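User: Could you take a close look at one part of this model for me, the sheet and the helices that pack on it? I'd like a connected walk through the contacts, the strand pairing and the aromatic rings.

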Amino acid sequence: MELNGEQLIAAPIPDVWKGLNDIDVLAKSIPGCEEISRISPEEIHAKVMFKIGPVRARFAGKLLLSDVVPDQSCSMTFEGSGGAAGFAKGRSRVELKAAEGGTLITYTTEASIGGKLGQIGGRLISASAKKIADDFFLRFATELGGEVLPLEPDAQAE
């Protein structure tokens, strides 16, 4: 599964970067987040409750940061297990750029999903993942005291 997108957050780059690295902000922004802890500067562990289609499961997982360029970009490797519901693992890249009105966040994610989740249709998983991402950015922007701004039509074209 691939998930790519852009979000324009009404906040300056340093505030967005700080928020993306603040586990308290992340705990309030990640839909279904029950627990999150920083193990080291490069490793974060979390427990999250997700409902994707007919499958509802509590996932325990870890996120490893790499290629970190403060206020600009980072890569993440993640893996999580939801017991009988299945597992997810993959890699994501996030980039921040100054834009009119705030910060443009661009993300690309490649993930593999197995177990019961892997048996759900690709469209349903993709739609659920997109909704989770949209909910995250809406909550994240609110935590930063801003909002998600609409992208200009030419910024959305790829």
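Helix H1 (residues 13-20) lies across S1, strand S4 (55-69), strand S5 (73-81), strand S6 (87-99) and strand S7 (102-114), and runs at about 160° to S6. H4 packs on the sheet as well, where it touches S1, strand S3 (43-52), S7 and S8. The direction of H4 makes about 20° with that of S1. Please keep in mind that this is a predicted model.

Let's stay with H1 for a moment. Ile13, Val16, Trp17 and Gly19 are buried in this helix. Viewed down the axis of H1, its buried residues fall within an arc of 165°, so they line one face of the helix. A general rule is handy here: an α-helix has 3.6 residues a turn, so residues three or four places apart point the same way.

Now to the sheet itself. Eight strands form an open sheet, in the order S2-S3-S4-S5-S6-S7-S1-S8, with antiparallel pairing. Strand S2 (33-40) and strand S8 (148-149) are the edge strands, each pairing on one side only.

S1 is mostly covered, as six of its eight residues are buried. Towards S7, S1 pairs in the antiparallel sense over eight bridges. Towards S8, two bridges join S1 to its antiparallel partner. Isoleucine 9 takes part on both sides: its bridge partner in S7 is threonine 103, and it stands opposite valine 148 in S8.

Strand S7 also holds alanine 111. With a relative accessibility of 13%, below the 20% cut-off, alanine 111 counts as buried. What does alanine 111 touch, not counting residues up to four places away in sequence? The contacts are Met1, Phe78, Lys89 and Gly90. Alanine 111 and arginine 91 are 20 residues apart in sequence, and their C-alpha atoms are 6.5 Å apart in space.

That leaves the aromatic rings. Four aromatic pairs turn up in a search of the whole structure. In one of them, the ring centres of phenylalanine 136 and phenylalanine 137 are 5.1 Å apart and the planes stand at 75°, so this pair is edge-to-face. Phenylalanine 136 is buried, at 13% relative accessible area, and phenylalanine 137 is buried too, at 7%.

Phenylalanine 136 also pairs with phenylalanine 140, and here the rings are stacked, 5.5 Å centre to centre with 15° between the planes. Why are these two residues separated by about one helical turn? Phenylalanine 136 and phenylalanine 140 are four residues apart in helix H4 (residues 122-143), and that spacing is why about one helical turn separates them. Both phenylalanine 136 and phenylalanine 140 are buried. Taken together, Tyr107, Phe136, Phe137 and Phe140 form one aromatic cluster.

Methods
Residues are numbered from 1 along each chain as its sequence is written. This is a predicted model: local features need pLDDT of at least 70, side-chain atom pairs count only at pLDDT 80 or more; totals for chains, interfaces and linings use all residues. Side-chain values use heavy atoms; hydrogens and water are left out. Rings of Phe, Tyr and Trp (its six-membered ring) pair if their centres lie within 6.5 Å; planes under 30 degrees apart count as stacked, over 60 as edge-to-face and the rest as tilted. Buried means under 20% relative accessible area, exposed over 50%, partly exposed in between (1.4 Å probe, protein chains only). Two strands pair if DSSP finds at least two bridges between them. Contact means heavy atoms within 4.5 Å. Axes are lines fitted to C-alpha atoms, for helices over the stretch in contact, and angles run from 0 to 180 degrees between N-to-C directions. The arc is that of the directions from the helix axis to the C-beta atoms.
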